[in-house]
Structures are given as structure tokens and as C-alpha cells.
Amino acid sequence: MLYKGVLWCMAALFLGMLFFMVATMPPFSPKLDTLVQADLAMSGVSHDVTAVLLNFRALDTLLEVGVVLLALMGIQVVSPHFRYKPYTEANTITDIYIAILLPVIILSALYLLLAGSYKSGGAFVASALLAGGIIILKLTKPKLFVSLEKLHLRFLSALGLLFFVGIGVLTLIEGLFLQYPLSYASTLILMIETLLMFSLAIILASFFINAVQDLE
Amino acid sequence: MLSLYPFVGLALFVLGLLGFILKESLVHKLISLNIFLSGIFLFLVSQSLSYEKADSVATALVLTGLVVTLGVSAFGLMLIRASYGAKR
């Protein structure tokens with residue numbers, strides 16, 4: 001009991017110290033942002049966050065996709081022993097619901113993907129939406145993707161990262177890793193984003209589906 | 001101008017850290033981890049505001065962090081489930 005009291009007091013002290021430090025901090029000056037805004041015309045897209053994510057700091061995004069793929073691999077190693085059967089049967093309400101909802105989800109995901117080049121949006125938001133759609137589809141129709149080959153699924157979920165690395169290797173011919181040539185930058189970014197959206201959606205949906213899939 | 005958001009982010013950070021240390025259950029620990037990571041993201045974005053527009057590099061950093069947090073949560077939940085399954 002005493003130990004907890006001491007810990008709470010220390011936490012309160014720590015919080016007070018942090019508050020004081022933040023309150024007396026000098027005001028933020030956007031040095032990096034001015035650099036980004038100055039070079040925005042070179043990036044191939046007109047939205048600054050997308051330019052940072054997929055052009056100026058593209059290596060970070062590549063490694064991030066790698067981390068997500070690694071998480072999926074870890075889940076697939078751990079999960080086979082703990083699966084249970086989903087409790088779903090065919091139902092008119094859910095069938096009509098998914099028939100209306102799924103086209104809207106796919107359309108909005110594509111819109112978000114394309115909107116990423118000039119305003120907030122992009123591959124990650126679109127893939128989250130698409131993954132939600134796949135999860136709803138899988139929950140209402142548990143038998144749907146069972147016949148899909150494991151190997152094909154693995155290839156599809158690694159496709160985005162493979163394509164990204166492939167582009168990186170191709171850009172090594174002239175210039176640095178992932179330094180897109182100026183005339184192709186816009187097309188390359190759009191292609192990478194599209195493939196990333198599909199494979200990330202499959203990865204994110206697999207996070208969930210691996211837990212509720214029934215063993216064949 | 002003194003905004004409320006960075007302080008809320010700091011409070012979330014400290015509370016999440018406390019929960020991460022004090023709670024026994026692994027699921028509680030994972031939720032605390034998510035709370036203090038949210039605090040960090042809130043602090044980063046609110047601290048990099050200038051002229052009512054978020055800094056693009058900080059926003060990209062937070063976006064990357066969010067996706068990595070999602071991976072950590074999913075993998076962590078699976079590991080927790082495996083560890084509880086092994087204990088039973």
C-alpha cells in the first residue's frame with residue numbers, strides 16, 4: 001500500500017515537472033515544414049504530408065510496412081493453436097446489409113487513395129477502410145475465402161512491400177535509394193500507394209481474421 | 001498562446017505509464033501502452049502546430065507511429081492469448 005502511495009506521489013511530481021517544462025518551452029518554429037513547402041513542387045504530389053510519407057522520407061514508410069508485415073508473420077506463427085469457429089449463419093438481413101455496404105466502402109477507399117495526392121488521405125487511411133470492409137464480409141460470410149491458397153494470400157500481403165523495394169532497387173540505377181526521377185515521381189507514388197493499399201488492407205484484415213478463422 | 005492539448009497528452013502519458021507499471025493483467029498493460037502512446041501522439045501534433053496548421057513532418061511521424069502501434073497491439077494481443085492458453 002505504501003509502495004503504491006509513493007509511486008502515485010512520484011507520478012504526480014513527474015507530471016508537474018513535465019507541465020512546467022512544456023509551459024516554459026520556447027515557441028515552436030517550423031524549420032522542417034518550410035523545407036518541405038519549398039521542395040513540394042519536386043515531390044510529384046501537392047499535399048505536404050503525402051510528399052513527406054512517400055517521397056522525402058519514403059524509407060520510413062517502407063520500414064513501417066515491413067513492421068506491419070512482420071507483425072502479421074508473428075501472429076500467423078502464434079495463432080494456429082488458438083482458433084475457434086465463428087458463430088455465423090446465412091441471414092437475409094446481413095446479406096442485404098453487406099451487399100449495400102461493401103460497394104460504398106470500396107468506392108470510398110478508392111476516393112481516399114486518390115485524394116491523398118492533393119489533400120488529407122492516402123494509402124494507410126484507405127487500407128484501414130478496406131480492411132474493415134473485408135472483415136465485415138468475412139464475418140457475415142465465413143466460408144468465402146477459405147478456398148484461397150495460403151501461398152497466394154502470403155504473396156498478396158507481401159506484394160506492396162516487394163513492389164516498394166523493387167522500385168527502390170530500380171532507382172539505384174541513377175541516384176540514391178528511393179530517389180524518384182522528377183518526371184516519373186507522380187506516377188510512381190500513385191502506383192506504390194495503390195499496391196500498398198491492397199496489400200495493407202489484406203494484412204490488417206488478416207490481423208483480425210487469423211483470430212476467428214476456423215481450421216479446415 | 002497556451003493550448004490545453006499538450007497538457008492532456010502529458011497527463012495521458014503519465015497515467016498510461018502508471019497503469020503499465022501497476023496493473024497485473026497483461027491486457028490491462030496493453031491498453032495502458034495504447035493510452036500512453038496516444039498521449040505521445042497528441043503531444044507531438046499539438047506541440048508542432050503553427051498558424052493553426054500542423055507541421056507536415058510531425059504529422060507523417062505520427063501517422064507512421066499509429067500504424068506501428070496497430071501492429072504492436074495486434075501482435076501483443078495474440079501473444080497474450082497464447083500465454084494464457086499455455087497456462088491453462
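The structure is a predicted model. Chain A has 9 helices and 0 strands, while chain B has 3 helices and 2 strands. The two chains touch through 27 residues of chain B and 31 residues of chain A.

**Confidence**

- The mean pLDDT of chain A is 84, and 94% of its residues score at least 70.
- Within chain A, helix α3 (residues 40-43) has the lowest confidence, with a mean of 78.
- The highest confidence in chain A belongs to α6(A), at 90.
- Where pLDDT is low, the predicted coordinates should not be read in detail.

**Chain A: overall form**

- Along the sequence, the pattern of chain A is α-α-α-α-α-α-α-α-α.
- The radius of gyration of chain A is 22 Å, whereas a compact globule of 216 residues would have one near 17 Å.
- Taken along the principal axes, the C-alpha atoms of chain A fill a box of roughly 65 × 60 × 35 Å.
- Buried residues make up 29% of the 216 residues of chain A.
- When contacts in chain A between residues at least 6 apart in sequence are considered, 75% of them join residues at least 24 apart.

- Helix α1 of chain A covers residues 2-23, which is 22 residues.
- From its first C-alpha to its last, α1(A) reaches 32 Å, close to the 32 Å expected at 1.5 Å a residue.
- α1(A) is hardly covered, as the count of buried residues among its 22 residues is 0.
- α7(A) has 18 residues, and its end C-alpha atoms are 26 Å apart, which agrees with the 26 Å it should span at 1.5 Å a residue.
- α7(A) has buried residues, among them Ala123(A), Phe124(A), Ser127(A), Leu130(A) and Ile134(A).
- Lys138(A) and Thr140(A) are also among the buried residues of α7(A).

**The largest nonpolar core**

- The largest nonpolar core has 49 residues, and Leu200(A) and Ala201(A) touch the most other members.
- From chain A, α4 (48-56), α5 (58-78), α6 (92-115), α7 (123-140), α8 (150-171) and α9 (185-212) each supply at least two residues of this core.
- α3 of chain B also supplies at least two residues of this core.
- α9(A) gives the most to this core, with 11 residues.
- Not counting residues up to four places away in sequence, Leu200(A) touches Val65(A), Val68(A), Ala123(A), Phe124(A), Ser127(A) and Gly160(A).
- Of these partners of Leu200(A), Ala123(A), Phe124(A) and Ser127(A) are buried residues of α7(A).

**Chain B: overall form**

- Chain B follows the pattern α-α-β-β-α along its sequence.
- Chain B is more spread out than a compact globule, because its radius of gyration of 16 Å is well over the 12 Å that the globule rule gives for 88 residues.
- The C-alpha trace of chain B spans about 55 × 25 × 10 Å along its principal axes.
- Of the 88 residues of chain B, 25% are buried.
- Contacts in chain B between residues at least 6 apart in sequence join residues at least 24 apart in 53% of cases.

**Where the chains meet**

- Contact between the chains involves 27 residues of chain B and 31 residues of chain A.
- α1 (5-22) and α3 (56-87) of chain B each supply at least two residues of the side of chain B that touches chain A.
- α3(B) gives the most to that side, with 16 residues.
- The side of chain B that touches chain A has 17 nonpolar, 8 polar and 2 charged residues.

Technical notes
Residues are numbered from 1 along each chain as its sequence is written. Chains are lettered from A and ligands numbered from 1 in the order in which they are written. This is a predicted model: local features need pLDDT of at least 70, side-chain atom pairs count only at pLDDT 80 or more; totals for chains, interfaces and linings use all residues. Two residues are in contact if their C-beta atoms, placed from the backbone, lie within 7 Å. Helices (H or I, at least four residues) and strands (E, at least two) are DSSP runs, numbered from the N terminus. Ala, Val, Leu, Ile, Met, Phe, Trp, Tyr, Cys and Pro count as nonpolar, Asp, Glu, Lys and Arg as charged, and the others, Gly among them, as polar. A nonpolar core is a set of buried Ala, Val, Leu, Ile, Met, Phe, Trp, Tyr and Cys residues joined through C-beta atoms within 7 Å. A residue is buried if 20 or more other C-beta atoms lie within 10 Å of its own, exposed if 12 or fewer, and partly exposed in between; C-beta atoms are placed from the backbone. The expected span of a helix is 1.5 Å times one less than its number of residues. The radius of gyration is taken over C-alpha atoms; the globule rule is 2.2 Å times the number of residues to the power 0.38. pLDDT is the predictor's confidence in each residue, from 0 to 100.
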